[in-house]
Amino acid sequence: HRRENKQKKNTMSRWSHVTEAPADPILGVSVAFKADPSTDKVNLGIGAYRDENGKPWVLGCVKEADKMIDAELQAGKIDLEYLPVQGYQPFLDLTSEVILGKDSKALKEKRVAVVQSLSGTGALRVAAEFLKIYAPETVVYCSDPTWGNHFTIFGKAGLETRKYRYLTKKMTLDIEGLLEDLKAAPEGATFVLHTVAHNPSGVDPTQEEWKRIAEVCVAKKAICIFDTAYQGYATGNLDKDAWSVRYFADELGLEIMVTQSYSKNFGLYGERIGALNIVVKDASLVLKIRSQLNGIIRPMISNPQLHGARLVATVLNDPKLCKQWNEELKIMSDRIVAMRTQLRDALVKISCPTPSPVFPDWNHVVDQIGMFAFTGLEAKHVDILCTKHHIYCTKNGRFSMAGVNPSNVEKIAAAMKDALDTAGPSA
């Protein structure tokens, strides 16, 4: 009997107390989509660009850059050795210029510490660890709603997080509520701001509203983190999409952090290429800050990835390829704008009721910007879209507009009408 008990104990895993974590609310949508055997299914979940046929698009400029890199590799001109901890230097020399601008005072005065990262998520994680070390008492404020990973990233670093109001019930910017919450924050708080194409709402401040936000940031001596996932993808214009960052950094001369992702605007989703920029007032701090960022990165990932950084740097360094990139950004942006209009028109055509009485029409779909449409649908509507119509999106009614195309837009509109007719309006 004792021997049997001993054998049972020996067969039990030391990890038997581990429970299964809930599925990621965004990535879980794609898992469910792939498991659905329907041939008529639609994925409006994950934020990845699709062409008018619903297919992934590898940018032409990226293909050309890949050929150039491969030719150099075959000729023995380049190798596949480890990168320095801070990243691929030709990439680092150019990435800050993309977001801060060629005429950036901070860059001209060498006041920017920059490191390569595992896309925007990695940049935020490194920034969070830096805050935990050098501003451990700061309270991190994220918009309500915000990208689902924001609170987790800063929480994992051991930082306190809070919300600031962002949307009205009509899906417009709650600028007064936003400012009131930021004003109520403790001095030295960290404000996470979406540079452009707010995720998930697609609702951005106007330039005048950004100026009001900046006034509060200055008054609260806030640490500002600009999360930049959609530069160039939102409007098709890199400079226009970077206005908020450049206003804070150059016009006001503020010290800010800026994360960058090249997943959306280069279509390099699987390459995981990004950067963290820290703009400071004193150029003598740049090497010190970068050394500390390296100290954070080294035990995390040792050093970053090479090929994707080469792709971005090759395009940015070649005037012809850079011009092509800008043209392709406009193609992606224009298609998303066109699909917003087509979806709105399809909903109007079939007299689809709005999500709730606060919406006079469906114009909020076209008024928003960037990859996502915050439709106003709730979980009860999403469940019907998924189970009955095989249309997948996040529970908060966020649609990835890249998943909408001319062949499925009417199906999506009809399914939305059915969901609203069946489940009733949002609360």
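The dialogue below turns to a sheet, the helices on it, a helix pair and a single residue.

Modeller: This is a predicted model, in which local features need pLDDT of at least 70, side-chain atom pairs count only at pLDDT 80 or more, and totals for chains, interfaces and linings use all residues. Residues are numbered from 1 along each chain as its sequence is written, and side-chain values use heavy atoms, with hydrogens and water left out.

Biologist: What is the order of the strands in the open sheet?

Modeller: Strands (E, at least two residues) and helices (H or I, at least four) are DSSP runs, numbered from the N terminus. Two strands pair if DSSP finds at least two bridges between them. Here seven strands form an open sheet in the order S2-S8-S7-S6-S5-S3-S4, and the pairing is mixed. Strand S2 (112–118) and strand S4 (160–165) are the edges, each pairing on one side only. From one strand to the next, the twist averages 25°.

Biologist: In which sense do S5 and S6 pair?

Modeller: Strand S5 (residues 190–194) and strand S6 (residues 223–228) pair in the parallel sense, over five bridges. Phe191 stands opposite Cys224 in S6.

Biologist: Which strands does helix H6 lie across?

Modeller: Angles run from 0 to 180 degrees between N-to-C directions, with axes fitted to C-alpha atoms, for helices over the stretch in contact. Helix H6 (residues 119–134) lies across S2, S5, S6, strand S7 (256–261) and strand S8 (273–279), and runs at about 155° to S7. Helix H13 (residues 286–301) also packs on the sheet, where it touches S2 and S8, and its direction makes about 15° with that of S2.

Biologist: At what angle do H9 and H11 pack?

Modeller: Helix H9 (residues 207–219) and helix H11 (residues 243–251) pack at about 40°, with their axes 11 Å apart. Angles under 35 degrees count as roughly parallel, over 145 as roughly antiparallel, 65 to 115 as roughly perpendicular and the rest as oblique; H9 and H11 are therefore oblique to each other. Contact means heavy atoms within 4.5 Å. Residues making it include Trp210 and Ile213 of H9 and Tyr247 and Phe248 of H11.

Biologist: Is Met339 buried or exposed?

Modeller: Buried means under 20% relative accessible area and exposed over 50%, with partly exposed in between (1.4 Å probe, protein chains only). Met339 is placed in helix H15 (residues 319–349), and it counts as buried because its relative accessibility is 2%. Leaving aside neighbours within four places in sequence, Met339 is in contact with Met401, Val404, Asn405, Pro406 and Val409.
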